[in-house]
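Biologist: I am new to this model. Could you show it to me, then take my questions in turn?

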Amino acid sequence: MKKDYYEILGVSRNADTSQIKKAYRKKAIEFHPDKNPGDAVAEDNFKKAAEAYEILSDPQKRAKYDQYGHQAFENGGQGGGFGGGHMNMDDIFSQFGDIFGGAFGGRSGFGGGGGPRRVKGSNLRIKVKLTLEEIAFGVEKKVKVKRKVQAPGVTYKTCSTCNGQGQVMRVTNTILGRMQSATTCSTCGGSGQLLDYKPSNSDSQGMIIEDETVSIKIPAGVVDGMQLKVSNKGNDAPGNSIPGDLIVVIEEIEHDTLKREGENLHLDLYISFAEAVLGISKDIEAVKGKVRIKLEEGIQSGKILRLKGKGIPNINGYGNGDLLIHINVWTPKTLNKEQKKFFEKALNDDNFIPNPEKGDKSFFEKVKDMFS
């Protein structure tokens, strides 16, 4: 069982953002690989602290964690390969290096001991359109992306100004004493390397554009506008780098008959007056195949039938939503003589005079029930 994120950082559940940041910095410095070379336990604690900070420093992720715990970031949530848990060292160095300031030299504020700095490439962003059926079942999509990669044969050399660190240390005399600070190297722009040999087909940084087909596993239950992250499928950067990420934005294609409301689905079902009076069994098209429903005799227009579990799966694995069927009795606009005579006779028939029962709910009560 995973340890509570608040316990990992040693803060209370009421801790504010600055307290969480301060606690993470303290833990990360304590377990930093440069202070604990070869210590697997310290490295594991270092990763756990970064994972906890990633969640608790983000207001939306923190709110979800407070409500659902670790399960909110598993099985297709923000974790599970799309960002969130299971961070690697390069992710930590690229995302949180600014927190350390000058505590360590080297890569992204870490990586002391003279190790080369690793720069992360820029992210790519694409939209993926999904049908309601694909959202209900989950789907694997193959997309073609144009990625910037290092050209074959390109070589880079260590920047002599910063010795490959990407930063230049400066010492300043102040009234409080000598202060040390790190600034980005102006010669290499922080990459720690300079272009040595540039192939003829590459740009000024030795990069080319390459098409790549990327497979994206999209979990069931995603919503329109949700962003998923595919690690290391963005652009490369020059020199000793790691690729950026591919950000996948979900775009939901509107269904012809089913309307989505969170995990619930709504269907307008039109029936004839005769079907409403006599009752009937009907096959309706649900998102996961046909479902047979039975309408009782005398069913009223506006009645809502709820089919449990026939909606969209919850993305965090908390079951399925429902399918709500809205009954609409269709009134014919034209009648032949015989039909008209029948209904004229019915005008004086007590059985056709509206007489709602006490238990029948009004339209506004039904709407209230839907959203309660």
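This is a predicted model: local features need pLDDT of at least 70, side-chain atom pairs count only at pLDDT 80 or more; totals for chains, interfaces and linings use all residues.

**Questions on the model**

Biologist: How far apart are N and O where lysine 47 and glutamate 43 meet?
Modeller: Side chains of opposite charge can pair when their charged atoms come close. A salt bridge here is a side-chain nitrogen of Lys or Arg within 4 Å of a carboxyl oxygen of Asp or Glu. Lysine 47 and glutamate 43 form one, with an N to O distance of 3.6 Å.

Biologist: Is lysine 47 buried, exposed or partly exposed?
Modeller: Buried means under 20% relative accessible area, exposed means over 50%, and partly exposed lies in between (1.4 Å probe, protein chains only). Glutamate 43 has 33%, so it is partly exposed. Lysine 47 has 26%, so it too counts as partly exposed.

Biologist: At what angle do α3 and α4 pack?
Modeller: Two packed helices are described by the angle between their axes and the distance between the axes. Axes are lines fitted to C-alpha atoms, for helices over the stretch in contact, and angles run from 0 to 180 degrees between N-to-C directions. The axes of α3 and helix α4 (residues 59-68) are 6 Å apart. Their angle is about 100°.

Biologist: How is α3 set relative to α4, and why?
Modeller: Angles under 35 degrees count as roughly parallel, over 145 as roughly antiparallel, 65 to 115 as roughly perpendicular and the rest as oblique. The angle between α3 and α4 is about 100°. Therefore α3 is, relative to α4, roughly perpendicular.

Biologist: Which residues of α4 make the contact with α3?
Modeller: Contact means heavy atoms within 4.5 Å. From α3 come Glu54, Ile55 and Leu56. From α4 come Lys61, Arg62 and Tyr65.

Biologist: How many residues apart in sequence are the parts tied together by aspartate 322 and lysine 308?
Modeller: Aspartate 322 forms a salt bridge with lysine 308, the closest N and O atoms being 3.9 Å apart. Both residues lie in the loop between β16 (304-307) and β17 (323-330), so the pair ties together parts separated in sequence by 14 residues.

Biologist: Of this pair, is lysine 308 buried or exposed?
Modeller: Aspartate 322 has a relative accessible area of 10%, so it is buried. Lysine 308 stands at 65%, so it counts as exposed.

Biologist: How many salt bridges does a search of the whole structure find?
Modeller: One of them joins glutamate 254 and lysine 259, with the closest N and O atoms 2.8 Å apart. Arg147, Glu212, Lys233 and Asp236 are linked in a network. The search of the whole structure finds 19.

Biologist: Which helix gives the most to the nonpolar patch?
Modeller: The patch holds Phe273, Val277, Leu278, Leu335, Phe342, Phe343 and Phe352, with about 630 Å² of accessible area together. Patches use residues with over 30% relative accessible area and no salt bridge: like charges are joined within 9 Å, nonpolar side chains (Val, Leu, Ile, Met, Phe, Trp, Tyr) within 5 Å. Areas come from the Shrake-Rupley method with a 1.4 Å probe, and for residues only the protein chains shown count as cover. α7 (273-278) and α8 (337-346) each supply at least two residues, but the helix that gives the most, with three, is α7.

Biologist: What is phi of asparagine 232?
Modeller: Most residues other than glycine have a negative phi, and most peptide bonds are trans. Asparagine 232 is found in the loop between β9 (227-230) and β10 (241-242). Its phi is positive, near 65°.

Notes:
Residues are numbered from 1 along each chain as its sequence is written. Side-chain values use heavy atoms; hydrogens and water are left out. Helices (H or I, at least four residues) and strands (E, at least two) are DSSP runs, numbered from the N terminus.
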